[in-house]
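Me: I have a model open on my screen and would like to talk through the words used for it. Could you take me through them?

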Amino acid sequence: MCGLAGLLRATPDASDERLTTLAGAMGDALVHRGPDDRGVWTEAEAGIALAHRRLSILDLSPLGHQPMASSDHRFVIAYNGEVYNFAELREVLVARGHAFRGHSDTEVLLAAVVEWGVEDAIARCNGMFAIALWDRQERCLWLARDRVGKKPLYYGWAGETFVFGSELKALWRHPDFDNGVSRDALALLLRLDYIPAPHAIHEGTFKLMPGTLLRIDAAAVAGGAGAHDPARDQRRYWDPRERMEAALRAPFKGDEREAENRLDELLREAVGLRMVADVPVGVFLSGGTDSSIVTALMQAQSRHPVRSFTIGFERSHHDEAHLAREVADHLHTAHTELYVSGSDALAVVPTLPAMFDEPFADASQVPTALVARLARSAVTVALSGDGGDELFFGYKRYERALRNWRWQRRVPSPLRKALARSATGHGEASRTGGFAALAAEMGAGGIGDVYRQRIARWRDPACAVPGAKLPATLYDQPDPLHGAGTAADAMMLADFSVYLPEDLLCKVDRTSMAVSLEARAPLLDWHVAEFAWSLPLAFKRHAKGNKYLLKQVLRRYLPDEMVDRGKRGFGAPVSDWLRGDLRDWASALLDEQRLREEGYFDAAAVHGIWRKFLDGERKWHTHLWNVLMFQAWHEHWRQQRNVARVSEAHPG
């Protein structure tokens, strides 16, 4: 639910009226995230302003209005998300003497902060959230993001003003925000298809990492961007690596049946918590394991048919609608499916830069946007199946990486080193399969190095972006788990920490919030995650198929033939698009002269890949899509900056 934005000035020299205008414009850029209500709070003597756009989910009355002040008036909050265990927290707080005017989770969250302090209160919350909290007594701003990273939060500097918001479009509305493109972040985009936290596409701009808190003291804002180091200042209150290591040290001791019972119990509770709303709730249903188990557990706890939604694709191997229909018929949900044509999908592409604000190149963004739009026609909240693959060993690439790592260790060290050196001569070809790809993995020092070859796009993106230095991520560590678990655990940890929040959850958040739909992911309840990490690998990677225990739970609700299905992706036919209806659009964005004038890419290298693709080398479509997503975003960004300048010059 909702969107937030705000600012903290280095010198509190602006009037309440001026702060209201600035923050109000930033908040209004997020109207799609919260079309139901608008609020701005300012305190001129501190130079602080908070803005909020509300999508009403709990307590639809004015008592849920934000920004909201605590009962003692010390704290003021602008908050995006849901605290699912708010009823439990409320009971504890009432017993401790707190009184409540309404029944929103926002009011409970504020009371928790009053009772336990910011850090302890956040640690008690089970939910998805991004929070901006002003402490009037300490004169400091707290930013917080949920454990897994379901809700986004950007921050940075607009001149000497500290600015923050749910999406970059809020920051763009500040007249002093004209931060250029970060070439290092652009290199990350070419490597991964997305830009992981704490990095952002703009210089002097960052994303708050999942499970972290950031405290900004008013006195420190005068130091500006140069005084801030996200690696130092973002403080984790929940670290996936630490929690996985703890789970591995205290593994689940029961047998398979006991594990199945416990997983069923945890999932049922997680789904039940996420069904609580004062508005209609539905579910995305693809027919795969993850969405099917969420749908089954929803229907098991509902007195009425659950609303389920599926997108089908006309004449496409990506179509899964018939699988979803079989599951829906068996569970007796109120099912809605919509078959879309290629032209329907292509019509989404021009809207992507405005939808995502930051270049984002996972092409499944297109069908995800379509199913979100479909669901919003009937519900305000939709549950999804995100997280099952990262927690229960669901990706085929895990098996391939383990196989290659096993083979490599059988190759004599001198030969491995020679093969690794030879890969440098193949350039980007080592990213596209065959001997060159295998040779590139031969220099691996651990499973992390092998796995990086499985998930990366451009082999050496810094060479394609002049002046860039590729920042390190968890994928650059030979062993993300530092020897604490198996190679399989290490890969799942890397995906859970980077790919899941910065690709999958980003994709779902932007596409759903673009149509004012709230998406909830019960498989990513932190209790479910920590239980999954405690399980023996054999309960996930099994001779009868991966995601074994999750599928065993699903068998309680669906027949075997609906459970034992091969994994399919929720993809998009990018190669066909670029050779067909999108060819002219792509040609214009990849024009060599244009690339050279803009100066972000090695124009000859990028245009050369485009020519190879047009000559029949299909393997280049992923390289091209992330360049195209940047090019399209760059056009959009400059247009939006011009709009902001005009608005500032002519506020009337």
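Reply: Happy to! Let's begin with strand β3, where both faces are covered: I48, L50, H52 and R54 on one side and A49, A51 and R53 on the other are all buried. Buried means under 20% relative accessible area, exposed over 50%, and partly exposed in between, with a 1.4 Å probe and protein chains only. Please keep in mind that this is a predicted model, where local features need pLDDT of at least 70, side-chain atom pairs count only at pLDDT 80 or more, and totals for chains, interfaces and linings use all residues. Residues are numbered from 1 along each chain as its sequence is written, and side-chain values use heavy atoms, without hydrogens or water.

Me: Why is β3 called largely enclosed?

Reply: Because 7 of the 7 residues in 48-54 fall under the buried cut-off, β3 is largely enclosed by the rest of the structure. A strand here is a DSSP run of E with at least two residues, and a helix is one of H or I with at least four, numbered from the N terminus.

Me: How do you know that β1 and β2 pair with β3?

Reply: Pairing takes at least two DSSP bridges between two strands. β1 (residues 3-9) has 6 bridges to β3, antiparallel, with L8 opposite I48. β2 (residues 37-43) has 7 bridges to β3, also antiparallel, and V40 stands opposite A51.

Me: What makes the chain as compact as a globular protein?

Reply: The chain holds 29 helices and 17 strands. Its radius of gyration is 24 Å, close to the 26 Å that the globule rule gives for 652 residues, so the chain is as compact as a globular protein of that length. The radius is taken over C-alpha atoms, and the rule is 2.2 Å times the number of residues to the power 0.38.
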